[in-house]
Amino acid sequence: MIPKPDGSPPRVDAPTESHHDRESRGPLVLIGGACTPDGEALRSFIDLAREAGGPIVGITAASENPVKSAQLWRTDFRAAGVQNIEFPRVRRANDKLDRELAARIDDAGAVFLGGGNQVKLVAELSGTHAEASIKALAARGGVICGTSAGAAALTALTMAGGEIDEEGNLVEQYLGPGFGLLDFETIVDTHFSKRRRLQRLFVVIAGNPELLGLGIDEDTALIVRGHIGEVVGAGGVTFVDGRDSVRFDNADDLEKGRQLTLSHLRVGIVGTHYHLNLRDRELEVLVQGEASPHRRTPPFTVAQASD
């Protein structure tokens, strides 16, 4: 875990809002990246934004080239039939631009956070008037969508690194503050199946077993209303839960060349149009106790198998 510049570990304040406040906030749309203009993931956000009314404000501050990224996103949204989206300039050090962006968000019905580097995005917006306006928009029922880095930044704790780079070197794992719009002690990883990031999420949860890891596939969205998330799009959402289940891990002893040893985690996959209860960390169909034709009962016990 990479510490803050002053050497202290990253700190995330506990949410202070009530259960009622969480349930009354506007929907969050977390997309796992690589969404297409005609895909159900992006379409779900567009439909919700139209219901909310007002323009959409797009923010591409996570990108290494925000201007080019804004141009590409504008083309994609136009292909999806959206004209009322604007991409204002973002510059943390410029108070005038910050206030102008905040004012646009105050008049908007939805905000879209593009991809790139989630650490860069949080650093650019954290503590600004624009961040306060984004949170106020969510509180009054507006729609907040993030794709790739934009989705990873929506939780109270965000992650980066922990993978092998192009030269074969391990990039140090980073855990630090996010925007805190999605709570329930969640942490989000994106491009999940495509980039084979299950191991990375295992390492994070092993070291922080109180967290609920959510791995979102590309062109796939988790639409969160209150404490329920619905999966739509081309893939699925993997959840990894270590709370009250991990029996052993060597996460604190990992060093270069040494593998994670861990037992055991609750791991599940939520497919299209199924719902995940984030509060109970389980499929909503199981939380409600509904009879399901898909529930499986083992055909034999271990004792029977040994006979």
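Colleague: What should I know about the model before the terms?

Modeller: The model is predicted, so local features need pLDDT of at least 70, side-chain atom pairs count only at pLDDT 80 or more, and totals for chains, interfaces and linings use all residues. Residues are numbered from 1 along each chain as its sequence is written, and side-chain values use heavy atoms, with hydrogens and water left out.

Colleague: How many helices and strands are in the chain?

Modeller: The chain has ten helices and 17 strands. Both are DSSP runs numbered from the N terminus: helices are H or I with at least four residues, strands are E with at least two.

Colleague: How do you know that Cys 35 is in no disulfide?

Modeller: A disulfide is a pair of cysteine sulfur atoms within 2.5 Å. The structure holds zero disulfides. For Cys 35 the nearest cysteine sulfur belongs to Cys 145 and is 7.1 Å away. For Cys 145 the nearest is that of Cys 35, again at 7.1 Å.

Colleague: Why is Cys 35 called buried?

Modeller: Buried means under 20% relative accessible area, exposed over 50%, and partly exposed in between (1.4 Å probe, protein chains only). Cys 35 has a relative accessible area of 9%, so the residue counts as buried. Cys 145 has 0% and is therefore buried as well. In the chain, buried residues make up 48% of the 307 residues.

Colleague: What makes Ala 151 buried, and which residues does Ala 151 touch?

Modeller: Ala 151, found in helix α7 (residues 149-152), has a relative accessible area of 0% and so is buried. Contact means heavy atoms within 4.5 Å. Not counting residues up to four places away in sequence, Ala 151 touches Leu 30, Ile 31, Gly 146, Val 188 and Thr 190. Ile 31 is 120 residues from Ala 151 along the chain, with 6.2 Å between the C-alpha atoms. Across the chain, residues 24 or more positions apart account for 72% of the contacts with a separation of 6 or more.

Colleague: Why are β3 and β17 said to stand at the edges?

Modeller: Two strands pair if DSSP finds at least two bridges between them. The open sheet of nine strands has the order β3-β2-β4-β5-β1-β10-β11-β16-β17, with mixed pairing. β3 (85-86) and β17 (282-283) each have a single partner strand, so one side of each lacks a neighbour in the sheet.

Colleague: How many bridges join β1 to β10?

Modeller: Four bridges link β1 (residues 28-31) to β10 (residues 220-225), in the antiparallel sense.

Colleague: What makes β11 mostly covered, and what pairs with β11?

Modeller: Six of the six residues of β11 (residues 228-233) are buried. β10 and β11 pair antiparallel over six bridges, and Thr 220 has Gly 233 as its bridge partner in β11. The two strands form a hairpin with two residues between them, and Gly 226 in the turn has a positive phi of about 65 degrees. β11 is also joined by three bridges to the antiparallel strand β16 (residues 275-277), where Glu 230 has His 275 as partner.

Colleague: Why are α4 and α6 called roughly parallel?

Modeller: Axes are lines fitted to C-alpha atoms, for helices over the stretch in contact, and angles run from 0 to 180 degrees between N-to-C directions. Angles under 35 degrees count as roughly parallel, over 145 as roughly antiparallel, 65 to 115 as roughly perpendicular and the rest as oblique. The axes of α4 and helix α6 (residues 129-139) come within 8 Å and cross at roughly 10 degrees; the two helices are therefore roughly parallel to each other.

Colleague: Which residues of α4 and α6 make the contact?

Modeller: They include Leu 101, Ala 102 and Ile 105 of α4 and Ala 130, Ile 134 and Leu 137 of α6. By class, the contact has six nonpolar, two polar and four charged residues. Here Ala, Val, Leu, Ile, Met, Phe, Trp, Tyr, Cys and Pro count as nonpolar, Asp, Glu, Lys and Arg as charged, and the others, Gly among them, as polar.

Colleague: Which are the edge strands in the sheet of four strands?

Modeller: That open sheet has the order β8-β9-β12-β15, with mixed pairing. β8 (186-189) and β15 (266-270) each pair on one side only and are the edge strands.
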